[in-house]
Amino acid sequence: MLWFRTPEKVYFKKGCMPVALDELGTVMHKKKAFIVTDTFLYKNGYTKGIEDKLDEMGIQHTCFYNVAPDPTLQCAEEGVAQMRAFEPDTIIALGGGSAMDAAKIMWLMYEHPEANFEDMAMDFMDIRKRVFTFPKMGEKAYFVAIPTSSGTGSEVTPFAIITDATTGVKWPIADYELLPNMAIVDVDNAMTAPKGLTSASGIDVMTHAIEAYVSIMATDYTDGLAMKAVKMVFENLPSAYENGANDPKAREEMHNASCMAGMAFANAFLGVNHSMAHKLGAFHHLPHGVANAVLLTEVMRYNAAEVPTKMGTFSQYQYPHALARYAELGRFAGCVGSTDEEVFENFLAKLEDLKEKIGIKKTIKDYGIDEKYFLDTLDDMCEQAFNDQCTGANPRYPLIKEIKDIYLKCYYGK
């Protein structure tokens, strides 16, 4: 059996946030809301629109704004202590991936204080057949996710990543119980994102869509969302990057593309591009979107091999067809050629061109990452990328030495 799961409600359109929030009071009769965000958003008044609407409906509220980038378990524990004291019946997460991840973990700890992270973080091949059964969520609090960046798609995914600051271990937690109940995709919250964030998060959307499309779990249901997201990123990211709030249309299209790519990879999952980017970020502190971008075309070239050393596991098809899939995406995005190979090459060129337009550098080395330190950490990165939860859905099953080869090519450039 395959599946397609999304939050029960996904609301979108510029300015829709107050209208969507209205439901908490008028339909659900909620009494207490707990907002989770980061310091920057809080201090710059991003929570004001939510707080005003809650006040208007007579819903009591409080805000936890201590979420740091790469949220820690310690920060979630601090938040959940306040949550238990306040006893909310609604949790509203406002922010990028970090605030969403932290809020999902707090929600989990609030509903189930007995939950064990080691059990929950156990890897799985098929999310529905895992050894560990997740506890039922949403019995104490209703979860609303409101993104402020057009990137992670976390408002519609069942994933959360949390770091234990004392041991340095990153727990990737994934289960459909962690899907928000309501996602509000209102671009007014992302209008003033700075250039660097627009570029990194925008290329992250592209990577989500491309990886979901060639994943071994891809289905007709996820394909449509992934294809449309790829096209929207090509058409709108350069202008959203250059013109920001002066091109509200491009901003809105990017915000929607992020959510659509999120739904695609929430159900089809990702691949080795993300596995490698996770480690590049962890070891060398490259922003996640940038880490994805510097690896993207090299990983695509690797996946497109007609006779891979090892095929993906439990794929939905009889023989490797990543090249044909990439070509299909390329054609949809306007790339031409008389053969799949030609279309594929033009697709790669178009992606390189996009990266250049939004200020992504050519190689990992260009980001000032020390060569000696990179080579010293390379073996650890390769092993951890191989073991990453995302690797399993890649269309080609990698060998550790092949991952190493891709890292080196991306560090030095061709």
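**Contacts, cores and rings**

Author: In the protein chain, residues 24 or more positions apart make up 79% of the contacts with a separation of 6 or more. Keep in mind that this is a predicted model. The chain contains 15 helices and 8 strands.

Reader: What makes the radius of gyration agree with a compact globule?

Author: For 414 residues, a compact globule would have a radius of gyration near 22 Å, and the protein chain has 21 Å, so the two agree. Along the principal axes, the C-alpha atoms fill a box of roughly 60 × 45 × 45 Å. Of the 414 residues, 59% count as buried.

Reader: Now the rings. How many aromatic pairs are there?

Author: The count comes to 14 aromatic pairs.

Reader: Why is the pair of Phe34 and Phe86 called tilted?

Author: Two values decide this. Rings pair if their centres lie within 6.5 Å, and planes under 30 degrees apart count as stacked, over 60 as edge-to-face and the rest as tilted. The centres of Phe34 and Phe86 are 6.4 Å apart and their planes are at 50 degrees, so the pair is tilted. The pair links distant parts of the chain, with Phe34 in strand 2 (residues 32–38) and Phe86 in helix 4 (residues 73–86), 52 residues apart.

Reader: How do you know that Phe34 is buried, and what about Phe86?

Author: The cut-off is again under 20%. Phe34 has a relative accessible area of 0%, so Phe34 is buried. For Phe86 the value is 15%, so Phe86 is buried as well.

Reader: What kind of pair do Phe234 and Phe347 form, and why?

Author: Their ring centres are 6.2 Å apart and their planes are at 65 degrees, so the pair is edge-to-face. This pair also links distant parts of the chain: Phe234 is in helix 8 (residues 220–243) and Phe347 is in helix 13 (residues 340–357), 113 residues apart. Both Phe234 and Phe347 are buried.

Reader: What lies over the face of Phe234?

Author: Lys350 lies there, at 4.8 Å from the ring centre; a charge has to be within 6 Å of that centre and within 35 degrees of the ring normal. Lys361 likewise lies over the face of Tyr367, at 5.0 Å from the ring centre.

Reader: Which residues touch the most other members of the largest nonpolar core?

Author: Met206, Ile210, Leu280 and Tyr407 do, in a core of 78 residues. Helix 8 gives the largest share of this core, 11 residues. Apart from it lies another core, of 35 residues, with Val67, Ile105, Tyr110 and Phe143 among them. In soluble globular proteins, nonpolar side chains tend to be buried together.

Reader: What makes helix 10 mostly covered?

Author: Of its 13 residues, 12 are buried, including Met276, Leu280 and Phe283. Among the elements that cover the buried residues of helix 10 are helix 7 (195–214), helix 11 (288–303), helix 14 (371–386) and helix 15 (400–412). Helix 10 (residues 272–284) reaches 18 Å from its first C-alpha to its last, close to the 18 Å expected at 1.5 Å a residue. His285 follows helix 10, and its phi is positive, near 55 degrees.

Technical notes
Residues numbered from 1 in each chain as written. Predicted model: local features only at pLDDT ≥ 70, side-chain atom pairs only at ≥ 80, totals over all residues. Heavy atoms only, no water. Phe/Tyr/Trp six-rings, centres within 6.5 Å; stacked < 30°, edge-to-face > 60°. Helix = DSSP H or I, 4+ residues; strand = E, 2+ residues; numbered from the N terminus. Buried < 20%, exposed > 50% of the residue type's maximum accessible area, 1.4 Å probe, protein only. Core = buried A, V, L, I, M, F, W, Y, C linked by side-chain atoms within 4.5 Å. Expected span 1.5 Å × (residues − 1). Contact = heavy atoms within 4.5 Å. Rg over C-alpha atoms; globule rule 2.2 N^0.38 Å.
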